[in-house]
Amino acid sequence: MSRFWSPIVHSLTPYVAGEQPASGDLIKLNTNENPYGPSPLALAAISRAATDTLRLYPDPTALRLRAAIAESFELDRNEVFVGNGSDEVLAHTFQALLNHEEPLLFPDVTYSFYPTYCRLYGIKFREVPLDAEMQVRVDDYRQPCGAIILPNPNAPTGIARPLADIDTLLEDHPDQVVVVDEAYVDFGGMSAIPLVRKYPNLLVIQTLSKSRGLAGLRVGFAIGQRPLIEALERVKDSFNSYPIDRLALAGAVAAWEDRDWFENHRALIIASRERLAVALKELGFHVLPSSANFLFARHPDKSGADLAAQLRSQGILIRRFSGERISDFLRITIGTDAECDRLMASLREILS
C-alpha cells in the first residue's frame, strides 16, 4: 500500500500468472504452452528480421499479418485486429465493447482475467454458474445484460460448446456484443468465425500462443465486422500505436502460413491428450472432456493441493486454482508423451 497510489489500485486483485521457473530441470505442465516449440519457418523469419531495421518502428497497422489471417477465413483484412497477445486484445475489447449500463455476463468458472479487467475498467459483471458437470448452459444467459463473453473451449475446464450454442446466444442477444474467446479452439473446438458475416454483434478472439507455439512472441487477434474492429483500433491507437514489434510480425506471419507444421503438431497434442486422459481415468481420476491442450481432473481420494505439492516436489509443475468449486482439480497441460509418462509415473507413486 502507498499513499501515492491512485484510488483504483487499492481495489484491484491482479491476475496471477502460472509459475515460470528459472530452473530448466522442471517438467512444465502448468501454463498451456506448446511442448514442441514454433515452426522452423517462424524462427527463420525472426532471424531474417533481426537486422538494423530494428531501429525503425514496426508497421502500426500490422498489414501483412492481418492480410494473412483474413485470407485464411475469406474475410477482408479490415475485419481483423491484432494485438500484443490475446490478453491485450481482450483488454481493448473490454474497454471498447463490453462496458455498458447492464452487467457483462461470463461463466463463474472461467478465465480469471475477466473479473480482473472488469475491476480495472469499472465494468459491472455477473457470473453465470456452470452446471454440475461444469458445462455452460446457454439458457442461463437469457437474461438482461450489457454484453457476453464466453471462452469456447472454456478454461480451465477445457469443455467446448457446439457452434449451435453460439448461434443461439447471438440470436438471443441481437443488441449486445457477444465475444467468443477461442484461445484453445484449434485442439478440438468449432470456431465461430464462420458466423461473423451473419452477426454484426459477434467478435471472435484467438491467439498464436497455443497451437502455433508462440507464447513468448505475444501475438493475438480478433475477427468481427468492421464497426467492432474500428472500436478496437480507436482504443489501441489511444494507448499504443505499435503493439506488435518487427520480430513478432515476421514470426507470426511465417507461423500462420506454415499450415503443415500447425496441422501435424496439433494432431500430436490431441493424440497425447486422449492418451493421458485414459491413463488418468485408470488411476481413478475424474477427467472432464477436453477440447483444449490441457486436461482438468480431480481424484476422489486426494486433495488438489496435496497432489500439486507432491508433484512439484518431484519436479513436475501443474496448475491448481483456489476457487471453491474447483480447488481439488488439477489443470494439466499436454506435454510430450515422455513428459506425460513422467507425470503418470509420479502420480502412480503418490497414489500408491
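**Helices, sheet and surface in a predicted model**

Q: In which helix is isoleucine 8 found?
A: The model is predicted. Residues 7-11 make up a helix, and isoleucine 8 belongs to this stretch. The helix is α1.

Q: Is isoleucine 8 buried, partly exposed or exposed?
A: The relative accessibility of isoleucine 8 is 34%. Buried requires under 20% and exposed over 50%. Because 34% falls in between, isoleucine 8 counts as partly exposed.

Q: Is histidine 92 buried or exposed?
A: Histidine 92 is found in helix α4, residues 85-97. Leaving aside neighbours within four places in sequence, histidine 92 has contacts with Phe81, Leu232, Val235, Lys236 and Phe239. Its relative accessible area is 2%, and the cut-off for buried is under 20%. Histidine 92 is therefore buried.

Q: Which strands stand at the edges of the open sheet?
A: The seven strands are ordered β2-β8-β7-β6-β5-β3-β4, with mixed pairing. Two strands have a single partner each, so one side of each lacks a neighbour in the sheet. These are β2 (80-83) and β4 (125-128).

Q: In what sense do β3 and β4 pair?
A: Leucine 104 stands opposite phenylalanine 125 in β4. Strand β3, residues 104-107, and β4 are joined over four bridges, and the sense is parallel.

Q: At what angle does helix α5 run to β3?
A: Helix α5 covers residues 113-121. It lies across β3, β4, β5 (147-151) and β6 (177-181). Its angle to β3 is about 160°.

Conventions
Residues are numbered from 1 along each chain as its sequence is written. This is a predicted model: local features need pLDDT of at least 70, side-chain atom pairs count only at pLDDT 80 or more; totals for chains, interfaces and linings use all residues. Side-chain values use heavy atoms; hydrogens and water are left out. Buried means under 20% relative accessible area, exposed over 50%, partly exposed in between (1.4 Å probe, protein chains only). Contact means heavy atoms within 4.5 Å. Two strands pair if DSSP finds at least two bridges between them. Axes are lines fitted to C-alpha atoms, for helices over the stretch in contact, and angles run from 0 to 180 degrees between N-to-C directions.
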